[in-house]
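Here are a few exercises to work through with the model open beside you. Try each task before you read its solution.

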Amino acid sequence: MISQEYKRYLRSKGNILFLILSVIPVALSYYTTWLEKMDWISQYHNPGADVSDAEGFLALAKGYNGFTYLSKFLFSSDSMVFFIWVMLIGFAAVSGTRIYSYCQNGYGNLLVSRIGYKQFQKDIFIAQNLYVLTVMGMEFLLLTGITLLIFPPEKSDFFVTALTLYDTTDMVSLLMVLAKQYIIILIYVLLVMNITLLSACVIRNRYIIQFLPILIYLVPGLVISVVETFCYPLAEKLLMFAPNVYLFSYYALYIEEQSNLAGMRQFIVLPGIFLVVIVMLYRLCSRLGRNYV
């Protein structure tokens with residue numbers, strides 16, 4: 001059944017729609033980065049009266065390449081988050097409501113009668129994770145390959161990236177940085193989608209399940225904003241539960257002076273909470289077996 005569900009997800013026409021939509025935040029980010037490069041070139045051609053050496057502007061412009069565009073996108077608080085929203089909504093439409101849908105349309109009765117409810121739940125769970133891993137993996141490979149093809153790294157004293165790594169042109173190390181950030185995004189998407197899939201045991205509304213991933217992202221920030229109005233120290237501590245703190249935890253390692261403990265908290269607190277919720281929901285979902293007999 002895992003193979004059948006996995007193929008069904010990959011063949012869904014919804015993939016085409018949300019993958020096309022996912023290009024929008026990428027294109028917006030790349031356009032902004034291109035404008036930055038054009039600004040350096042403009043300053044090179046029209047330096048201010050207080051500029052003694054305009055060659056530095058040209059050197060900066062030459063440092064822009066595929067790694068610049070990719071890093072500024074993956075570490076962007078706007079474009080990257082928009083990209084995650086598109087992917088989450090798309091995954092929720094294709095696979096996130098599957099347990100709920102099978103329970104409602106009767107198709108689950110046929111499956112459960114053949115393999116039992118526990119195996120049914122396990123197979124759906126595994127199939128979704130394989131599906132998300134496949135799509136996200138292909139997205140990263142295509143994004144990286146096409147970007148480096150369009151904006152190939154040229155000979156330069158340094159490459160400009162979102163992490164201000166102006167002192168390196170080591171493409172392998174830069175690729176590793178991008179891959180690590182993407183893995184953080186991937187982990188977040190996987191955990192949120194597992195919560196969404198298993199929420200069918202407590203939520204009986206398809207549309208709420210569909211947009212649950214966005215609520216998971218937005219609600220912590222809204223709560224923290226409210227708490228901040230009357231107790232800033234508490235709000236500062238609650239920031240650890242905000243999705244953005246985790247999503248930009250790798251970025252924070254480069255731009256903030258912090259202890260190893262503080263850095264580890266940013267990496268593990270939110271995923272740890274999500275894992276606990278997933279385990280609880282997975283066990284609660286066992287009671288849905290009554291709906292199939």
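**Exercise 1.** Classify F151 as buried, partly exposed or exposed.

Solution. Start with the cut-offs: buried means under 20% relative accessible area, exposed over 50%, and partly exposed in between (1.4 Å probe, protein chains only). F151 has 23% relative accessibility, so this residue counts as partly exposed. Before going on, note that this is a predicted model, in which local features need pLDDT of at least 70 and side-chain atom pairs count only at pLDDT 80 or more, while totals for chains, interfaces and linings use all residues. Residues are numbered from 1 along each chain as its sequence is written, and side-chain values use heavy atoms, with hydrogens and water left out.

**Exercise 2.** Describe how the rings of Y30 and F151 are arranged.

Solution. A pair of aromatic rings is described by the distance of the centres and the angle of the planes. Rings of Phe, Tyr and Trp (its six-membered ring) pair if their centres lie within 6.5 Å; planes under 30 degrees apart count as stacked, over 60 as edge-to-face and the rest as tilted. For Y30 and F151 the centres are 6.3 Å apart and the planes stand at 80°, so the pair is edge-to-face. Helices here are DSSP runs (H or I, at least four residues), numbered from the N terminus. Finally, Y30 is buried, at 12% relative accessible area.

**Exercise 3.** At what angle do α6 and α11 pack, and which kinds of residue make the contact?

Solution. First, the geometry: α6 (residues 79-96) and α11 (residues 206-230) pack at about 155°, their axes 9 Å apart. Axes are lines fitted to C-alpha atoms over the stretch in contact, and angles run from 0 to 180 degrees between N-to-C directions. This makes α6 roughly antiparallel to α11, a label for angles over 145 degrees. Then the residues: the contact (heavy atoms within 4.5 Å) includes W85 and L88 of α6 and I214 and Y217 of α11. Its residues divide into twelve nonpolar, two polar and one charged, where Ala, Val, Leu, Ile, Met, Phe, Trp, Tyr, Cys and Pro count as nonpolar, Asp, Glu, Lys and Arg as charged, and the others, Gly among them, as polar.

Technical notes
Helix = DSSP H or I, 4+ residues; strand = E, 2+ residues; numbered from the N terminus. Parallel < 35°, antiparallel > 145°, perpendicular 65-115°, else oblique.
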